[in-house]
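Reader: Please take me through the labels used here. For each one, I want the value and the cut-off behind it.

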Amino acid sequence: MDWILFLRENITLFKEIGLLIFGGIGSYVALQGLSTWKRQLKGKDEYELCKRILIDLYQYRKGIKVIRNPMMFSSEDISEDLKELDFEEKSYKITVNAYQNRWEKISDSRIKLDLDLIESKIYWDDKLEDLFKPIFEFENKLFRKIQDTLILKNPNQDDEYKRVVGKNFHETDGDYILYFLGDDDKYEKELNSNITKIEYLIKNKLKK
């Protein structure tokens with residue numbers, strides 16, 4: 001019965017070995033569970049980011065469409081001093097205020113998109129930011145053409161300066177950038193094409 005004596009003498013050692021084994025198994029299971037939880041959490045955060053980007057992008061596109069609408073109405077002006085102005089000054093004032101109000105919608109969406117792009121770098125490096133570059137470049141062109149339009153419409157602006165600005169405006173596709181011109185609109189097509197590329201990337205991420 002030496003083996004019984006051996007067991008009795010070493011039972012404490014066997015208990016410690018057993019605890020180590022089960023402790024190791026428990027740790028492994030816990031680590032696997034933590035890893036799974038992290039993947040699930042990352043997937044959820046990435047999913048929410050994808051939805052947010054698409055919502056902010058569509059709001060941004062809507063803002064671009066609104067600001068490129070060539071129609072302007074006096075109802076877009078929120079000031080109360082138009083009665084004191086002559087026709088040219090009144091028209092200029094309405095245009096200034098209309099563009100300011102319209103551009104606020106783009107600015108609000110752009111701020112949200114900039115934050116989305118910062119967060120997207122965590123998961124996708126610069127992939128999404130690269131897709132947005134031509135869209136933001138068009139936004140900059142659009143803003144400059146609005147500035148040019150306001151200069152040209154300002155009755156108090158120097159005529160020679162307006163002539164230079166007007167020449168540059170027309171030589172650089174001013175009307176085509178600033179105004180939506182229907183189904184054959186080159187810049188509308190380019191904008192939609194760039195947005196489609198972003199949608200493709202985001203929707204592929206949503207499928208995962």
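**Labels and their cut-offs**

Reader: Why is R52 called partly exposed?

Author: R52 has a relative accessible area of 31%. Buried means under 20%, exposed means over 50%, and partly exposed is what lies in between (1.4 Å probe, protein chains only). R52, at 31%, falls in between, so the label is partly exposed. Note that this is a predicted model: local features need pLDDT of at least 70, side-chain atom pairs count only at pLDDT 80 or more, and totals for chains, interfaces and linings use all residues. Numbering starts from 1 along each chain as its sequence is written, and side-chain values use heavy atoms, without hydrogens or water.

Reader: What makes E119 and R52 a salt bridge?

Author: The N to O distance between their side chains is 2.5 Å. The rule asks for a side-chain nitrogen of Lys or Arg within 4 Å of a carboxyl oxygen of Asp or Glu. At 2.5 Å, the E119 and R52 pair passes. E119 lies in helix 2 and R52 in helix 1 (residues 2–67), so the bridge ties together parts that are 67 residues apart in sequence. Helices (H or I, at least four residues) and strands (E, at least two) are DSSP runs, numbered from the N terminus. E119 is partly exposed, at 26% relative accessibility.

Reader: How many salt bridges does the structure hold?

Author: There are 13 salt bridges. Some join into a network, which links K65, R68, D185 and E188.

Reader: How do you know that R110 and E139 form a salt bridge?

Author: Their side chains meet at 2.9 Å, N to O. R110 sits in helix 2 and E139 in helix 3, so the pair ties together parts that are 29 residues apart in sequence. E139 has a relative accessible area of 8%, which makes it buried.

Reader: What makes R110 a charge over the ring of F136?

Author: The charged end of R110 lies 3.6 Å from the centre of that ring. The rule wants NZ of Lys or CZ of Arg within 6 Å of the ring centre and within 35 degrees of the ring normal. The 3.6 Å of R110 is inside the distance limit.

Reader: Why is the pair of F132 and F136 called stacked?

Author: Take the rule first. Rings of Phe, Tyr and Trp (its six-membered ring) pair if their centres lie within 6.5 Å; planes under 30 degrees apart count as stacked, over 60 as edge-to-face and the rest as tilted. By this rule the count is 5 aromatic pairs. In one of them, the rings of Y123 and W124 have centres 6.4 Å apart and planes at 50°, so that pair is tilted. The rings of F132 and F136 have centres 5.3 Å apart and planes at 25°, so this pair is stacked. F132 and F136 both lie in helix 3 (residues 127–153), 4 residues apart, about one turn of the helix. Both F132 and F136 are buried. Ring pairs also link Y60, F132 and F136 into a cluster.

Reader: Which residues does L117 touch?

Author: Contact means heavy atoms within 4.5 Å. Leaving out residues up to four places away in sequence, L117 touches L128, E129, F132 and F136. L117 is in helix 2 and counts as buried at 6% relative accessibility.

Reader: What makes K145 and D148 a salt bridge?

Author: The N to O distance is 4.0 Å. K145 and D148 are 3 residues apart in helix 3, about one helical turn. Both K145 and D148 are buried. D148 also touches V165, N168 and F169, not counting residues up to four places away in sequence.

Reader: What makes I111, L115 and I118 a nonpolar patch?

Author: Patches take residues with over 30% relative accessible area and no salt bridge; nonpolar side chains (Val, Leu, Ile, Met, Phe, Trp, Tyr) are joined within 5 Å, like charges within 9 Å. I111, L115 and I118 make a nonpolar patch of about 320 Å². Areas come from the Shrake-Rupley method with a 1.4 Å probe; for residues, only the protein chains shown count as cover.

Reader: How many helices and strands are in the chain?

Author: The chain has 6 helices and 0 strands. Buried residues make up 31% of its 208 residues.
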